Amino acid sequence: MSQENIESVLDETRVFEPPQSDTSFSSIADWQRACDNFEADFEGTWGDLARQNLTWQKPFHTVLNSDKPPFYRWFEDGNINLSENCLDRHVNNGLGERTAIIWEGEPGDVRHISYQQLLAEVCQAANSLKTLGVVKGDRVIIYMPMIPEAAVAMLACARIGATHSVVFGAFSAQALRDRVEDAAATLIITADGGYRRGAVHSLKNSVDEALSQGCPSLKHVLVVKRGQNDVNWVDNRDIDWTTLLTQQATTCPPETIASEHPLFILYTSGSTGKPKGIVHSTGGYLLWAHLTMLYSFDFKPASDVFWCTADVGWITGHTYSVYGPLSNGGTTVMYEGVPTYPDAGRLWKICQDHKVSIFYTAPTAIRALNKAGDQYPNAYDLSKLRVLGTVGEPINPEAWMWYYKVIGGERCPVVDTWWQTETGGHMLAPMPFATPTKPGSATHALPGIATEIVDAQGDVVQKGGGLLVITKPWPSMLRGIWGDEVRFIETYWQKFADKGYYFAGDGARKDEDGYFWIMGRVDDVLNVSGHRLGTMEIESALVSHDAVAEAAVVGCPDDIKGEGIFAFVILKTAVTEGLEQELRAHVTKTIGAIAKPDVIRFTENLPKTRSGKIMRRLLRDIAAGREITSDISTLEDQAVVAQLQGKTVS
């Protein structure tokens, strides 16, 4: 969060009472009773919720196995198939004709897919995977635009017990290759291309480039023809999705799956440079995805149309575009394109046309659409909206108020959610019709979630700022980092190993009412448009260019993205015309457009201590244009500060 936003939330005193609603959580007393149930019987309450809300192939008896912390196991002696919970049970209960997915492509094409239709296509896809030799435990990469086939592929993997790993479609060929190799994937499911900003964005070419040097584990590439753009075709490796699926039966018995079986691996950025493969289980993850739809959004499957705008390449898209809504038997909206094409009214038009009642998006989008002007939302009928949500980063109070007033008409509660890829679902969030809200605060922990703010020694801070930790295990917690137990412990558990706390990596504070205010990352991970990027990844990409000797990357305030990317670069040679653009393009090719530096400042030196450590807090001050307040007495060369405050090249 920028310094300006931090100051604004520190001064925030407005409180908004929740609207009245006939719901199971209609007052703060209801929330408190739910929390008290966990306090009285932690494991028993989780067990009851798992039995009541999910369909189990084999009942569990052990709720939580804590024998080897932090390797916790939930419902481990039970069997459960996620695909069956999201599809079969609803069809079997007479809901086959209910719309599961409303999809809109960027050009305007629309599909309404019923639960019966979705089940049939998922079964065909699952049979296709088996035809290609995919078996339980194999890893499958999904590299897709935001089209229904992406959700079908995820559910098909879950149906047969293959572990999927969705890679954001805007990531580069190199980023894709890194993930294929780390997961030792046997199959990539992709598309020829997808629509973005009025043109077809190619994906298959990136797959070909990623595999151009060979990949021993990879056997096949399954291609959806969405963009109808020209692509290369590799015989005996590349297979047409439609051709293969139409040859398959529309029934496929769900595989027997252990609760702790890895449902998916999702790679997220880390401060060490190498992306972390976050592993999530099946039963525990699904339970929390299901429950948070009810807790955070008051989701009513029979009447609500739910739209989470996140791409399935991110955890938000996994939990709240696909698995959460479908496990509840509700209707979820998917949109292929960008929020501003053909103009800044696109999201509001979709809300109007598809009668969206719950809308969940990122503060980045809210700020950008606010900036575009009220004339865009005012042109559409948003009266069906009843709950608004925000995700990905702390929302500044000004954006919160615009969202509440202009989009929600001052009648819709704003649900500000804090969570991570690692947590699987919401940790902090108001219950929309129970919790009084404050602009910029994620309010309280949800029932069953134990959060605290502690100091550097792990002692609880009763009021004020500190480090955000989770003190008890929860069902949807990450089960590890793929292939790296040591890194899993070091990253999340080592800091407070003596207390057994999970350290979230975020700073936070509590106000006098016990409300949580997230203040942003405390490590070297940037939060750009709600997406986490490791500074080391971007630095490594810059240094891989022949002209660059060294680079240091920090965040800088950005009115739209929340945090921008500011790169300090030392060159091997003199600055040449067009080099900045060349370096930006190089980072885009290496990682993806989301990692492209907003500002590049060429310098002859970086501020280093006598031990050789870069003083990043000094770089952050410079990038933000703030007065230098850091103690620079430990710098090896204090003259570098004046040099770094020179002219910005952008």
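Author: Two strands pair if DSSP finds at least two bridges between them. Keep in mind, too, that the model above is predicted.

Reader: How many bridges join strand β14 to strand β15?

Author: Look at residues 305-308 for β14 and residues 331-335 for β15, two strands that run parallel. Pairing needs at least two bridges. The number joining β14 to β15 is three.

Reader: Which residue in β15 stands opposite F306?

Author: Stay with the parallel pair β14 and β15. Find F306, then look across to β15: the residue opposite is T332.

Reader: Which are the edge strands of the open sheet of seven strands?

Author: The order of this sheet is β4-β3-β15-β14-β16-β17-β18, and its pairing is mixed. An edge strand pairs on one side only. Here that describes residues 110-114 and residues 414-416, which are β4 and β18.

Reader: By what angle are neighbouring strands of this sheet turned against each other on average?

Author: The sheet in question is the open one of seven strands. For its neighbouring strands, with direction ignored, the average is 20°.

Reader: At about what angle to β15 does helix α12 run?

Author: Helix α12 covers residues 346-353. It lies across β3, β14, β15 and β16. Relative to β15, its angle is about 150°.

Reader: Where does α10 bend?

Author: Helix α10 takes in residues 283-297, and its reach of 21 Å from first C-alpha to last is close to the 21 Å expected. Even so, the helix has a bend of about 25°. Just after α10, D298 takes a positive phi of about 55°. The bend itself is at L291.

Reader: How many of the 15 residues of α10 are buried?

Author: Buried here means under 20% relative accessible area. By that cut-off α10 is mostly covered, and the count of buried residues is 14.

Reader: Which residues of β12 are buried on each side?

Author: Strand β12 spans residues 264-268, and five of its five residues are buried. Both faces are covered, with F264, L266 and T268 on one side.

Reader: What is the bridge partner of I265 in β13?

Author: Strands β12 and β13 pair in the antiparallel sense over five bridges. β13 consists of residues 276-280. Within β13, the partner of I265 is V279.

Technical notes:
Residues numbered from 1 in each chain as written. Predicted model: local features only at pLDDT ≥ 70, side-chain atom pairs only at ≥ 80, totals over all residues. Heavy atoms only, no water. Helix = DSSP H or I, 4+ residues; strand = E, 2+ residues; numbered from the N terminus. Axes fitted to C-alpha atoms, helices over the stretch in contact; angles between N-to-C directions. Contact = heavy atoms within 4.5 Å. Expected span 1.5 Å × (residues − 1). Bend = angle between axes of the 7 residues up to and from the residue. Buried < 20%, exposed > 50% of the residue type's maximum accessible area, 1.4 Å probe, protein only.
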